[in-house]
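Please look through the structure below before reading on. The paragraphs after it go through some of its contacts one by one.

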Amino acid sequence: MAQESGKSTVTGGYKTIVYVICGVAALGGLLFGLDQGFIANSLETLTQHYQFGVEGGESYSAILATGGIFGALLSGIFARFLGRKRSLVLAGFIFTGASALSAMLPPLPLLSACRFALGFAVGIASFTVPLYLSETAPAAIRGSMGTLFQLMITIGIFVIALSNAFVARAFVNPATSLPIMFLTVTLFASLMFAGSFILPESPRWLMLKGRREKAVQVLRRTLNSQEEIDAEIGEIEEALHGPQGAGVRIVFRGYFFKVLLVGVLLQMFQQLVGINMMIYYSPTIFGYAGMKGLLAMMTVPTVNMLFTFPAIHLVEKWGRKKLLYVGAVAMLVTMLAAGFAFQSIGDVSDPSLIGGAPKTLLLISVIVYIFGFAVSWGPVVWLVCSEIFPLEGREVGMTITTMINWTFAGLVMANALSFMSAYGNASIFYVFAGFCVLAIVFVALFVPETKGITLEELEFNLKKGVRLRDLGRRG
Ligand code: BGC
């Protein structure tokens, strides 16, 4: 039932502004996905218009990741000095401007600069959105908001794959279809840009800047009662008296360095198991195996999105480590199977000559592989990275691990196809399989189970010198 409270309407427990906050933040995740997934079903159209070959396509894809590294690097500074809200406005502005400019089909260097800028905005969003949410959304929905972000990434990848596939079919001329593809991204970007203006600033940031009155005003808009407001202000004040952001020198403290390594390796493996190669190039891979059409274009994004839903529930039921094992084993087996399928296909250049068995094996392998990633390494890695760092080093830890994610995403995107043409189509799948094995060993030896333990307990164990894989055990 709706009731009036303060200036906002309360619907089903939360005020309208809370939904606006979640919606705008969700758009941040969506744009991550739209830009990350843009290439998959537009590569052919882009190639027709800009005439770039395998290498040109690779570097155009990879430049997003380079932008992401810089965006993530600077986002900590933006978030601290400009504030969370203004950082989101900035990201929305860059998303809108760079995609609108791309829609004008500028010369290739400018188009690439736009993709760098989009990556920069994705880098800012991937740091600022989860931070803003955890500071502003009411406590009861903070956890689910964290997973909502990853879900929105996969929805973004799905939406852009679908709309690009349709646009490419409806308009054969790339001079018409490409602008429409970019304008689809511009549409969502401008929604985020406009939406971020009506967001309230994060009360925690306001308190950090000594603007208590303003923080109380914001909390009045988001919370329902004076008690809730007092409790929240009390909590923030307590946190502000505790250890503050320690600066980058914290990486030299032994206990911090240990968890930093866990986060860095988790993000590294998340990319080295090959997910973005499978997402970006799945239509091409299916094409090699003789499969074309909408099914080839949409299978991967659809499976990726659908299997992120069960992860939200399983991550609390089974725990993080079990999911990481299940995912890595599924990816290992399927990468070996895909490698085997490609090996048996050999150098056949005419897909119609390829037998039914390798085609079926390839199709099943790719689908099960994506399932394995979506249900585990996709959401779990981001989640664990937001949990393992002690409060005073959380910003530094998350900035570094986010940069590692983008660095390795870029490395895979920039080299995977050339690697395939140099060493044969099967080779890259065996390499990814090898990384799955290393990832399993790493999880077994070093990753703590963080399910069902408070962040404070984790931090206490860490500083007490408990070994990494036992950090999640309660004292
Ligand atoms: C990864 C991205 C990937 C996406 C796929 C994210 O967790 O960081 O690189 O494209 O999942 O869903």
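**Contacts within the chain**

Ile-388 is buried, with a relative accessible area of 6%; buried means under 20% relative accessible area, exposed over 50%, and partly exposed in between, with a 1.4 Å probe and protein chains only. Ile-388 sits in the loop between helix H16 (356-387) and helix H17 (394-423), where helices are DSSP runs of H or I with at least four residues, numbered from the N terminus. From the C-alpha atom of Ile-388 to that of Glu-456 is 10.0 Å, although the two are 68 residues apart along the chain.

The model is predicted, so local features need pLDDT of at least 70 and side-chain atom pairs count only at pLDDT 80 or more, while totals for chains, interfaces and linings use all residues. Residues are numbered from 1 along each chain as its sequence is written, and side-chain values use heavy atoms, with hydrogens and water left out.

Side chains of opposite charge can pair when their charged atoms come close. A salt bridge here is a side-chain nitrogen of Lys or Arg within 4 Å of a carboxyl oxygen of Asp or Glu, and the count comes to 11 salt bridges. One of them joins Arg-204 and Glu-235, at 3.7 Å from N to O. This pair links distant parts of the chain, with Arg-204 in helix H8 and Glu-235 in helix H10 (residues 226-241), 31 residues apart. Arg-204 counts as buried at 19% relative accessibility, whereas Glu-235 is partly exposed at 46%. Arg-204 and Glu-235 also belong to a network of salt bridges with Glu-232.

The loop between H16 and H17 also holds Glu-392. Its partner in a salt bridge is Lys-463, with the closest N and O atoms 3.0 Å apart. Lys-463 lies in helix H19 (residues 455-464), 71 residues from Glu-392. Glu-392 is buried, with a relative accessible area of 6%, and Lys-463 is partly exposed at 42%.

Aromatic rings make contacts too. Rings of Phe, Tyr and Trp (its six-membered ring) pair if their centres lie within 6.5 Å; planes under 30 degrees apart count as stacked, over 60 as edge-to-face and the rest as tilted. By this rule there are 13 aromatic pairs. Phe-38 and Phe-182 form a stacked pair, 4.7 Å centre to centre with 20° between the planes. Phe-38 lies in the loop between helix H1 (16-37) and helix H2 (43-50) and Phe-182 in helix H7 (residues 174-197), so the pair ties together parts 144 residues apart in sequence.

Key:
Helix = DSSP H or I, 4+ residues; strand = E, 2+ residues; numbered from the N terminus.
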